[in-house]
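Please keep the sequence and the structure in view while reading.

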Amino acid sequence: MDLAYIPSPSTGVIHLGPVPLRGYAFCIIIGVFVAVWYGNRRWLARGGKAGTVADIAVWAVPFGLVGGRLYHVITDYQLYFSEGENWVDAFKIWEGGLGIWGAIALGAVGAWIGCRRRGIPLPAYADAIAPGIALAQAIGRWGNWFNQELYGRPTDLPWALKISEGPNREAGLYHPTFLYESLWCVGVALLVVWADRRFRLGHGRAFALYVAAYCAGRGWIEYMRVDEAHHVLGLRLNVWTAIVVFVLAVTYIVLSSRMRPGREEVVEPGALADLAKADAAKADGAAKADGTAKAGAVTTDAAEADPGTPAGPAGRKGTGTKPESAEKG
C-alpha cells in the first residue's frame, strides 16, 4: 500500500455549459500573464516605458506558441502522421505538446519584430523578460500534470506521481518530472535576478544565463522521462538539444562580456525625454504652489501690519465707520 504520492486530476477539462475550460490552457495563459507583468517591472527599472513589454509580447507570444507547436510536431511526427494517426490532431494544442526550444526560437523572432518597430535593442528586452519566462515555464509545466503526461520512470518515493490508466500510458507511480522542471525553473528565475543585480548583466547576458541554467536542468530531467522520443547515440533528442544550446549560451556570455562589457545606459528611445518632461512638470507645479503660498503669506502679513486695512462689513475694525451705538452714546 502506498502511503504517500502526488495524485493526478481525474480530468484535465471542466465543462462550463458548452464551454470547455482546460487546465493546460489555463497554465499557459497564467504563465504568459506573469511573464509580461514581471517583465514590465524589470523594464521600468531599466529605464523603459510602461506598456512596452506588453506591446512586444503581442508579437512574441503568438510566434512562440506556433514555434513551440511546430517543434513538437516535427520532432514527434509519428504521433500525427504515422499509419492509423489523424494528422488533424497536430493542431490540437490544448491536448499538450509545446516544445520550449521552438517556442523560444520563434518567440525571439516575434520579439525582434516588436522591438524593431519601437526602435528597442532586442538584447535589452530579452534581459528584462528572462526571469519572467522562467516563471512562465514553471507555471506552464503544471499543464502536463492536468494532462497526465511527461512523467518519469517508475518510483516508490513519497513524492511519486500517480498516473491512471489511459491512452498511451499505464497506471502506476512515476517520477513527477513536470514538478522537477517547475521547481528548477523557479530556481533559474531567482538565479538570473540575483546575478543581474550582483553583476549588472547587459547586452543579452541575463537572457543567456537563463538559457544556460535551464538547459543544465532540462538535460537531467529529460533523461528521466519515459515518454516516446527519438534517440541519437543513445540519448534522447532533447538531451542533445539541451547540451548544444547550453554550450552556445555559455559561449555568448563569455564573448559578449569581452566585446560589450557593462550594461546599456538607454534601453528605450524617448523614455529619458518623457521622464525629464515629467520631472519638469512636477518641478513647475511645485514652484507655482510655492509661489502661491508665498503670495498668500505676504497678503496676510500686510493686513496684520496695517490696522486701517478694510476688514469686513461696516462697524467692524478697518472700515473707518463707527457703530450706531457709539454715536448715540
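A residue counts as buried when its relative accessible area is under 20%, as exposed when that area is over 50%, and as partly exposed in between. By this criterion, buried residues make up 38% of the 329 residues in the protein chain. The model is a predicted one, and the values below are computed from it.

**Overall make-up**

- The protein chain contains 11 helices and 6 strands.
- Of the contacts in the protein chain that join residues at least 6 apart in sequence, 69% are between residues at least 24 apart.

**Helices α2 and α4**

- Two packed helices are described by the angle between their axes and by the distance between the axes.
- For α2 (residues 52–75) and α4 (residues 100–118), the packing angle is about 150 degrees and the axes are 6 Å apart.
- Because angles over 145 degrees count as roughly antiparallel, α2 is roughly antiparallel to α4.
- The crossing in which α2 passes α4 is right-handed, and the residues of the contact between α2 and α4 divide into 13 nonpolar, 8 polar and 3 charged.
- Val61 lies in helix α2, and its C-alpha atom is separated by 7.5 Å from that of Gly110, although Val61 and Gly110 are 49 residues apart along the chain.
- Val61 has a relative accessibility of 29% and therefore counts as partly exposed.

**Helices α8 and α9**

- Helix α8 (205–224) packs with helix α9 (residues 237–259) at an angle of about 155 degrees, with the two axes 8 Å apart.
- That angle makes α8 roughly antiparallel to α9, and the crossing of α8 and α9 is left-handed.
- On the α8 side, the residues that meet α9 include Arg205, Ala208, Leu209, Ala212, Cys215 and Tyr223, while the α9 residues that they meet include Asn238, Val239, Ala242, Phe246, Ile253 and Ser257.
- The residues of this contact of α8 with α9 divide into 15 nonpolar, 4 polar and 3 charged.
- Thr251 is found in helix α9, and the C-alpha atoms of Thr251 and Ala208, which are 43 residues apart along the chain, are separated by 9.2 Å.
- With a relative accessible area of 37%, Thr251 is partly exposed.

**Loop residues with positive phi**

- His203 is found in the loop between α7 (177–199) and α8 (205–224), and its phi is near 55 degrees, which is a positive value in a residue other than glycine.
- Since its relative accessibility is 10%, His203 counts as buried.
- Leu233 is found in the loop between β5 (231–232) and β6 (235–236), and it has a positive phi of about 55 degrees although it is not a glycine.
- Leu233 has a relative accessibility of 76% and therefore counts as exposed, whereas His203 counts as buried.

Note on methods:
Residues are numbered from 1 along each chain as its sequence is written. This is a predicted model: local features need pLDDT of at least 70, side-chain atom pairs count only at pLDDT 80 or more; totals for chains, interfaces and linings use all residues. Side-chain values use heavy atoms; hydrogens and water are left out. Helices (H or I, at least four residues) and strands (E, at least two) are DSSP runs, numbered from the N terminus. Buried means under 20% relative accessible area, exposed over 50%, partly exposed in between (1.4 Å probe, protein chains only). Contact means heavy atoms within 4.5 Å. Axes are lines fitted to C-alpha atoms, for helices over the stretch in contact, and angles run from 0 to 180 degrees between N-to-C directions. Angles under 35 degrees count as roughly parallel, over 145 as roughly antiparallel, 65 to 115 as roughly perpendicular and the rest as oblique. A crossing is left-handed if the near helix is turned anticlockwise from the far one by less than a right angle, and right-handed if clockwise. Ala, Val, Leu, Ile, Met, Phe, Trp, Tyr, Cys and Pro count as nonpolar, Asp, Glu, Lys and Arg as charged, and the others, Gly among them, as polar.
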